[in-house]
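Hello,

Here is the structure I promised to pass on. Please have a look at it first, and then read my notes below.

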Amino acid sequence: MLLTSLLRIYLTRSLRPFEFTNKNKAILDYENEENLGLYVHIPFCRSICSFCPYCKVVYNHETVKKYKLALLKEIDMVGSILQAKKEVTSLYLGGGTPALMIDNMKEIIDCVKKYFDIKQGIGVELHPDDINKGTLNQLKSSGVTMISIGIQSFNEKCLLALGRRDGDFIKKLRMVDEAKFDVVDVDLIFGIPMQTETILTEDIEKAFSNGATQISTYPFIDFTFANNTYKPLPEKEKKRMLGSISDYCKETERERTSVWTFAKKGTGKYSSVTRDNFLGFGVSATTLLRDQFKINTFSIDDYIEKINFGQLPTSLTLSFSLRQRAVYYLFWSAYSMVINPVQFQKIIGKPLKSMYGFELWLCKLLGFLKERDGKYYLTEKGAYYYHLIEQAYTTAYIDKMWNISRTTAFPEQIVLK
Ligand SMILES: C[S@@+](CC[C@H](N)C(=O)[O-])C[C@H]1O[C@@H](n2cnc3c(N)ncnc32)[C@H](O)[C@@H]1O
Ligand code: SF4
């Protein structure tokens with residue numbers, strides 16, 4: 001906690017914390033943002049996994065019907081400020097379990113398409129239980145081009161430790177492979193009790209050799225409000241595991257596309273987080289613009305009620321200081337392993353070197369970054385330290401933010417120090 005605070009104070013050159021308040025701006029000023037991405041949150045699951053921190057409830061048919069109407073209205077409210085259709089990079093539908101609204105998916109995507117021209121594809125998160133020929137066909141005919149499957153592990157003991165069931169994953173992956181999506185991501189978790197490096201590399205190989213074009217390997221995080229029977233392995237073990245994931249992918253010529261993702265060469269990326277700006281729709285969805293970050297309420301009932309009153313379901317907003325925005329940008333650029341000074345200047349409005357010249361020099365000296373063709377690339381060592389920092393911020397910031405938001409629909413403020 002102290003370390004995350006000190007790093008924030010140093011990099012933002014200010015004691016000012018990240019202060020989210022309910023003094024919301026009524027309108028989202030996104031019309032001129034470049035590289036805008038879109039995200040839609042579907043908060044329904046068949047059952048709740050003990051380890052999962054995301055905003056979700058158990059499926060209920062009546063709630064889903066009301067939620068769909070509210071979601072379409074939110075998209076209309078935000079989209080209708082545009083004078084003309086706006087180009088966006090991509091649309092991701094995450095959850096929860098978006099396929100539980102498969103019969104509504106085309107309608108939701110078509111509603112988005114009334115206002116936005118999606119250039120680089122549509123991605124959907126799938127639970128393995130969602131995978132069958134009917135759902136895959138519906139996804140294809142709705143225009144979905146990328147999918148991400150939450151396998152977590154192919155190993156029965158690891159699944160049991162997470163409280164998940166085995167479900168003929170290889171057969172399902174092959175079915176997905178036959179359906180020919182552009183990108184197939186498989187989520188795996190590392191640092192699960194009883195998991196060994198051999199189990200993990202077997203998992204990686206099973207994913208790739210049965211059709212995955214990308215794997216996302218997330219370190220198991222024990223959120224304070226989760227209900228985990230088994231706790232994650234200690235950081236020393238996670239360090240070894242991340243090293244073996246990286247080594248194995250290097251040996252087998254899979255490219256590291258972010259600190260926690262690896263992909264077959266020449267394939268596209270499934271990434272809903274590494275975008276310059278994005279608009280989020282649905283409960284708990286976040287929106288990031290040039291100088292503002294906003295988060296929707298986590299309460300489904302309050303979300304529906306607000307929208308039915310003709311208001312945006314915003315719970316909290318943060319107005320960035322220049323350096324806070326710069327740090328936020330650098331955080332997610334570094335996650336994708338490359339910092340592009342041209343893009344930095346476009347978004348932040350100042351040269352990267354004039355703001356963080358010393359830090360770049362120091363990171364190069366310490367072997368965390370390498371400069372090539374005017375860009376800064378994270379090294380293996382840099383990626384490991386990033387993994388540590390990301391976990392520390394998840395525990396200090398995301399855990400706190402989500403824990404308050406899941407119990408209070410509209411908190412007055414949340415201060416992240
Ligand atoms: C929204 S979730 C899951 C999507 C889908 N509902 C499923 O269960 O397959 C996205 C991913 O976050 C990762 N995740 C969730 N909780 C986690 C935790 N406590 N630690 C690490 N990764 C986690 C999992 O890999 C999961 O597949
Ligand atoms: S891991 Fe997936 S299925 Fe489980 S609770 Fe989270 S979103 Fe739902």
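Let me begin with a pair of helices. The axes of helix 2 and helix 3 (residues 102-115) cross at roughly 10 degrees and come within 9 Å; axes here are lines fitted to C-alpha atoms, for helices over the stretch in contact, with angles running from 0 to 180 degrees between N-to-C directions. That makes helix 2 roughly parallel to helix 3, a term for angles under 35 degrees. Helices (H or I, at least four residues) and strands (E, at least two) are DSSP runs, numbered from the N terminus.

Before going on, a word on the source: this is a predicted model, in which local features need pLDDT of at least 70 and side-chain atom pairs count only at pLDDT 80 or more, while totals for chains, interfaces and linings use all residues. Residues are numbered from 1 along each chain as its sequence is written, and chains are lettered from A and ligands numbered from 1 in the order in which they are written.

Helix 2 brings Lys68, Leu71, Leu72, Ile75 and Gly79 to the contact, and helix 3 brings Asn104, Ile108, Cys111, Val112, Lys114 and Tyr115; residues are in contact if their C-beta atoms, placed from the backbone, lie within 7 Å. By class, this contact has seven nonpolar, two polar and two charged residues. Ala, Val, Leu, Ile, Met, Phe, Trp, Tyr, Cys and Pro count as nonpolar, Asp, Glu, Lys and Arg as charged, and the others, Gly among them, as polar.

Thr63 also lies in helix 2 (residues 61-79). Its C-alpha atom is separated by 9.5 Å from that of Ile304, 241 residues apart along the chain.

Now the ligands. Ligand 1 is surrounded by 17 residues, the closest being His127, Gly150, Asp187, Tyr218 and Ile221; a residue counts if its C-beta atom, placed from the backbone, lies within 6 Å. Strand 6 (91-95), strand 9 (146-152) and strand 10 (183-190) each give two or more residues to this shell. Around ligand 2 are residues including Cys45, Cys49, Cys52, His127 and Gly150, and its shell divides into five nonpolar, five polar and one charged.

Finally, the protein is divided into domain 1 (1-16 + 323-406) and domain 2 (20-264), with bounds from an automatic or database domain assignment. Their C-alpha centres lie 24 Å apart, and 15 residues of domain 1 are in contact with 13 residues of domain 2. Helix 13 (residues 380-407) gives the most to the domain 1 side, with 12 residues.

Best wishes

Technical notes: Two residues are in contact if their C-beta atoms, placed from the backbone, lie within 7 Å. Angles under 35 degrees count as roughly parallel, over 145 as roughly antiparallel, 65 to 115 as roughly perpendicular and the rest as oblique.
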